[in-house]
Each structure stands twice: as C-alpha cells, then as structure tokens.
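Let's take a friendly walk through a protein model together. Have a look at the sequence and the structure, and then read on.

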Amino acid sequence: MNIFGIGLPEMAVIMVVALLIFGPKKLPEIGRSVGKTIRSFQEASKEFQTEFQKEAEQLEEAVKTTAELEPKQIYPAKSEQDTTASSSQPS
C-alpha cells in the first residue's frame, strides 16, 4: 500500500503523532476537513483539464477551418542573384 509515496509504516507513525498532538476528539474532524480539501482539489483539477481540452479542440478546429479556407500558396524562394539578374535584364 503506497499513498502519496508514503508506505504503511510511515502512515502509522504519522497517525500516532497526529493522535498525540490533536487528541482523539479532534482527529476525525481534521480527517474530514483534509478529505474535503483533497476532493475539492481533485474536482478543480478535473474542471481545469476539461476546460483546457475544450480550448485545445476549439483551437484545432479553427486552424483546420482556416487551412481549408485559405489553401497554402507556396512560392519558390528567390535568391538575391535571381532578383538582381531579373531586374537588370530588359523585358
């Protein structure tokens, strides 16, 4: 059993120390609040991930639509020699 990189013996030591510090009456309350905090963090993380995926899909769709509307126009690259030679030759 490995939770957050902490094994069972380490968890037992942490629980004993927490029991000694907070006492048996406060410990369940602290556990509940920690559980709620972790749950809300997970929900926020899932919401962020969902929003990020939606934005990425919208961006991808916009790029595809733009690519379909404006086909690529590839022109051959002109070097400086080609440019000067064509301008010096009479038409």
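The largest pocket in this predicted model has a volume of about 210 Å³. Of the 10 residues that line this pocket, M15, I30, G31, V34 and G35 are the closest to its centre. The lining holds eight nonpolar residues, two polar ones and no charged ones. Here Ala, Val, Leu, Ile, Met, Phe, Trp, Tyr, Cys and Pro count as nonpolar, Asp, Glu, Lys and Arg as charged, and the others, Gly among them, as polar.

How is a pocket found? Rolling a probe the size of a water molecule over the atoms shows where empty space is left. On a 1 Å grid over the protein atoms alone, a pocket is an open set of points where a 1.4 Å probe fits, with protein on both sides within 12 Å along at least five of seven lines, and lining residues have an atom within 4 Å of a point. The volume is the space filled by probe spheres set on the points.

Now for the whole chain. The protein has two helices and zero strands (DSSP runs of H or I with at least four residues, and of E with at least two). Of its 91 residues, 4% are buried (under 20% relative accessible area, with exposed over 50% and partly exposed in between). The accessible surface is about 8900 Å², and 62% of that belongs to carbon and sulfur atoms (Shrake-Rupley method, 1.4 Å probe).

On that surface, V13, V16, V17, L20, I21 and F22 make a nonpolar patch of about 610 Å² (residues with over 30% relative accessible area and no salt bridge, nonpolar side chains being joined within 5 Å). V13 belongs to helix α1, which covers residues 8-69, and V13 is exposed at 53% relative accessible area.

How many salt bridges are there? The count is two (a Lys or Arg side-chain nitrogen within 4 Å of a carboxyl oxygen of Asp or Glu).

| Salt bridge | N to O distance | Relative accessible area |
|---|---|---|
| E29 and K26 | 3.8 Å | E29 45%, K26 41% |
| K64 and E60 | 3.5 Å | K64 44%, E60 48% |

E29 and K26 sit about one helical turn apart because they are three residues apart in helix α1. K64 and E60 are also separated by about one helical turn, being four residues apart in helix α1.

A note on reading the model: residues are numbered from 1 along each chain as its sequence is written, and side-chain values use heavy atoms, leaving out hydrogens and water. Local features need pLDDT of at least 70 and side-chain atom pairs count only at pLDDT 80 or more, while totals for chains, interfaces and linings use all residues.

Methods
Patches are made of residues with over 30% relative accessible area and no salt bridge: like charges are joined within 9 Å, nonpolar side chains (Val, Leu, Ile, Met, Phe, Trp, Tyr) within 5 Å. Buried means under 20% relative accessible area, exposed over 50%, partly exposed in between (1.4 Å probe, protein chains only).
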